[in-house]
Amino acid sequence: MSTAKTPAAAPAKKENFIDVFFAGARKGLGIGFNTIMPAMVMGYVLVQALKVSGIMDVLATVFAPVMGLFGLPGEAFAVLISAFFAKAAGAAAAANLYTAGVITAPQATILLMPCMLMGTLIGHYARIVLVSEANPKLTPIFFAIPLIDSAVGMIIVRIILTAMGLM
Amino acid sequence: MSTEQAMKQKPVVTWKGWLALLIMCCMFSGLFTGFEGALKPLNVLDFNTMVGSFGVDADGVNFQGKNGTGARDGFMFTITLVPGCIFAMGFLEVLTRMGCMEAAQVAFTPILKPILGIPGACGLAFINALNSSDIAAVLTKQLYDDGMITDDERSVFVAYQYAGSAPIGNMIGTQAALLPIINLAMGPMILLIIVCKIFGANLLRIYLKMTKKSRTAKEAK
């Protein structure tokens, strides 16, 4: 066994790699059903609601110029809304738009950036910014940075994909 | 060993740790995919090849079917993602136990000062922040309480952690839906996200540097 153990990870008895793998795999199963499943259902229902209500068409028209900067159709704005609530919901919304033929694979690649970079901002504000007791005066900046990062990330990926000849 | 000691101490890295780090980089980089002929066995080092694919019916559709909508389609889609998630988490646990994180800590600690302007003592928190947001946030608070980083350094570090939190863990755990679709492999995507995180944190770093004089003057009043 490795000699570099963190106190929390130090096993009481010798574990073999199969047990370790099973322990991690069980975590993965939990993540799949407890984290991804609710977010995925939310993402799909949100997209369904936007589609059925006709709001999606409005979003598509209104946000087309902004999203166009990133090489995306206006509908992709729904992905950003979903991502803001949960990273997985953003990914679900993007996957849904891809399956429906609204966005292409390169556009889905671009959308992964905001799904991660500006994902779950409300929930993680408590879990990261508040827990670390960072300077509360900087709160607006802490919120602005992920949005800036997302914009930069989308542009970078767009440039890479264009260079690869995919866009 | 207390957490404080763990943060100051340079971790012991065994050859297994370096091997684990190397394997992790290979698996998630996407470099070992699509080999043919004599090099075909190398595909074993590719994450997506190991996750494999579902069987399809005559129309080339898997059990999820076509044209589903709403919650039901979301449910079926999630089922298709769970195997990759189970495998990735189990595999990551083995690599972690082999000492992958300690190796990463030794490898990354020296670059923290130039890229984020924070001391090497943040290495443990930095590495933890790749995989989980909660442990890193607690460690960051502790670093400040122990006087190892200033308030400004903490702000920059928190800005780094907050955007795209836990890039490796969340890429596997939350972006599973997009991974089979996207044009780039998981490794390069994670790298790009980290680059953007560092970029954003440096915006705050510059802002804090520029306003430092006026802020100290204000506090002095």
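Tutor: Let us begin with a term. A helix here is a DSSP run of H or I with at least four residues, and helices are numbered from the N terminus. The model before us is predicted.

Student: Where is the place of A:Val47 in chain A?

Tutor: A:Val47 lies in helix H1, which covers residues 17-53 of chain A.

Student: How many helices and strands does chain A have?

Tutor: Chain A has 7 helices and 0 strands. Read from the N terminus, the order of its elements is α-α-α-α-α-α-α.

Student: Why is chain A called more spread out than a compact globule?

Tutor: For 167 residues the globule rule gives 15 Å, whereas the radius of gyration of chain A is 20 Å. The value is well over the rule, and therefore chain A is described as more spread out than a compact globule. Its C-alpha atoms fill a box of roughly 60 × 40 × 35 Å along the principal axes.

Student: Why does A:Val47 count as buried?

Tutor: The cut-off for a buried residue is 20 or more other C-beta atoms within 10 Å. A:Val47 has 28 C-beta neighbours inside 10 Å, so it counts as buried. In chain A, buried residues make up 44% of the 167 residues.

Student: Which residues does A:Val47 touch, leaving aside those up to four places away in sequence?

Tutor: A:Val47 touches A:Ala78, A:Ala93 and A:Asn96. A:Ala78 is 31 residues away from A:Val47 along the chain, and their C-alpha atoms are separated by 7.3 Å.

Conventions. Residues numbered from 1 in each chain as written. Chains lettered and ligands numbered in written order. Predicted model: local features only at pLDDT ≥ 70, side-chain atom pairs only at ≥ 80, totals over all residues. Helix = DSSP H or I, 4+ residues; strand = E, 2+ residues; numbered from the N terminus. Rg over C-alpha atoms; globule rule 2.2 N^0.38 Å. Buried ≥ 20, exposed ≤ 12 C-beta atoms within 10 Å, placed from the backbone. Contact = placed C-beta atoms within 7 Å.
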